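Visitor: I would like to learn how to read a few local features of a structure. Could you take me through them one at a time?

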Amino acid sequence: MSETPPLIELRKVAKEYPGAPAPLCVLKDLDFHLEAGTCIAVVGPSGCGKSTLLNLMGALDRPTSGDIFFAGRNMAVLSENELARIRNRDIGFVFQLHHLLPQYTALENVLIPVLASHAAADAHGRAVALLARMGLADKADARPGQLSGGERQRVAVARALINRPRLLLADEPTGSLNEAAAQQLADLLCELQREEGMAVVIVTHAPAIAARFGKIFELHGGRLVPQD
Ligand code: ADP
Ligand code: MG
């Protein structure tokens, strides 16, 4: 039978944004693949296209040209419903800002992706366990406004993991945190990756954090260049 395809594969991907006098070409001729359960960090100066790349990997946007395959399926030919299902079930997102809903408790925020996916009956138990794993057992009923920045990001990580995604995309997840909170979040992300076995793509400006996620790539000239 056929080999297992990479979890995500980009072939000759380009991304341009409309602009005057010429379009802005952010990604160009980008080839990349990531196997299930593996991690990389992406570094590069502000504006080089890191968020653009994560948005494409997460099916939040489409490339101008080239193809992106998720578990061997070309995302270009999937319906909006199928893409939404992949986004919700197979991919977890963590952004620089937590994007928690202020009117809901930490526990309710963690459960939000489950509402859309009609996922397993154990979701509530998993949400409670994930919050405990994030050191937030006593904050389940707190609202985001009652939490510190680091605590909010840890709730956002629990929310990203509730559906057991195969891929976690983290876009500068520690970018708004102080040094201690950033280290704590990075520790937890590394531990959870080992425990849950998902693949991780993390964008970070912090070399110490990048180094903990296996291979480091610099986004340079619209392509991913491995660092040694
Ligand atoms: P990074 O995350 O590395 O800071 P981005 O991917 O956010 O970079 O942006 C790359 C470039 O594309 C920047 O010059 C940015 O201004 C531009 N850009 C990003 N999103 C859009 C958009 N929706 N429309 C037009 N230009 C954009
Ligand atoms: Mg960015």
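Visitor: Where does Ala 71 lie, and what is the value of its phi?

Guide: The general idea is that most residues other than glycine have a negative phi, and most peptide bonds are trans. In this predicted model, Ala 71 lies in the loop between E4 and strand E5 (73-74), and its phi is near 50 degrees, a positive value in a residue other than glycine. With a relative accessibility of 26%, Ala 71 counts as partly exposed.

Visitor: Which value does phi take in Ala 59, and is Ala 59 buried or exposed?

Guide: Phi of Ala 59 is near 60 degrees, which is again a positive value in a residue other than glycine. Ala 59 is found in the loop between H1 and strand E4 (65-70), and at 7% relative accessibility this alanine counts as buried.

Visitor: You also mentioned peptide bonds; what kind of peptide bond joins Ala 20 and Pro 21?

Guide: The bond that joins Ala 20 and Pro 21 is cis, with omega at about 0 degrees. Pro 21 itself belongs to the loop between strand E1 (8-17) and E2.

Visitor: Let us turn to the ligand. Which residues are around ligand 1?

Guide: The shell around ligand 1 is made up of Tyr 17, Leu 24, Val 26, Pro 45, Ser 46, Gly 47, Cys 48, Gly 49, Lys 50, Ser 51 and Thr 52. By class, the residues of this shell divide into 5 nonpolar, 5 polar and 1 charged.

Visitor: Which elements give two or more residues to the shell around ligand 1?

Guide: Those elements are strand E2 (24-34) and helix H1 (50-57), and the largest share of the shell, 3 residues, comes from H1.

Visitor: How should I read a pair of aromatic rings, and how many aromatic pairs are there here?

Guide: A pair of aromatic rings is described by the distance of the centres and the angle of the planes. The count in this model comes to 2 aromatic pairs. In one of them, Phe 32 and Phe 217 are edge-to-face, with 5.4 Å from centre to centre and 85 degrees between the planes. Phe 32 lies in strand E2 and Phe 217 in strand E9 (residues 215-220), so this pair ties together parts that are 185 residues apart in sequence. Both Phe 32 and Phe 217 are buried.

Visitor: What is the geometry of the pair formed by Phe 93 and Phe 95?

Guide: Phe 93 and Phe 95 are stacked, with 5.9 Å from centre to centre and 0 degrees between the planes. At 17% relative accessibility Phe 93 counts as buried, because the cut-off for that class is under 20%, whereas Phe 95, at 29%, counts as partly exposed.

Visitor: Which residue lies over the face of Phe 217?

Guide: Lys 215 lies over the face of the Phe 217 ring, at 5.9 Å from the ring centre.

Visitor: Where is Arg 126 found, and with which side chain does its own side chain make a polar contact?

Guide: Arg 126 is found in helix H4, where it is buried, with a relative accessible area of 10%. The side chain of Arg 126 makes a polar contact with the side chain of Glu 196, at 2.7 Å.

Key:
Residues are numbered from 1 along each chain as its sequence is written. Chains are lettered from A and ligands numbered from 1 in the order in which they are written. This is a predicted model: local features need pLDDT of at least 70, side-chain atom pairs count only at pLDDT 80 or more; totals for chains, interfaces and linings use all residues. Side-chain values use heavy atoms; hydrogens and water are left out. A residue is near a molecule or strand if one of its heavy atoms lies within 4 Å of it. Helices (H or I, at least four residues) and strands (E, at least two) are DSSP runs, numbered from the N terminus. Ala, Val, Leu, Ile, Met, Phe, Trp, Tyr, Cys and Pro count as nonpolar, Asp, Glu, Lys and Arg as charged, and the others, Gly among them, as polar. Rings of Phe, Tyr and Trp (its six-membered ring) pair if their centres lie within 6.5 Å; planes under 30 degrees apart count as stacked, over 60 as edge-to-face and the rest as tilted. Buried means under 20% relative accessible area, exposed over 50%, partly exposed in between (1.4 Å probe, protein chains only). A charge sits over a ring if NZ of Lys or CZ of Arg is within 6 Å of the ring centre and within 35 degrees of the ring normal. A polar contact is a pair of N or O atoms within 3.5 Å; within protein, one must be able to donate a hydrogen and the other to accept it, and residues adjacent in sequence count only if both atoms are side-chain atoms.
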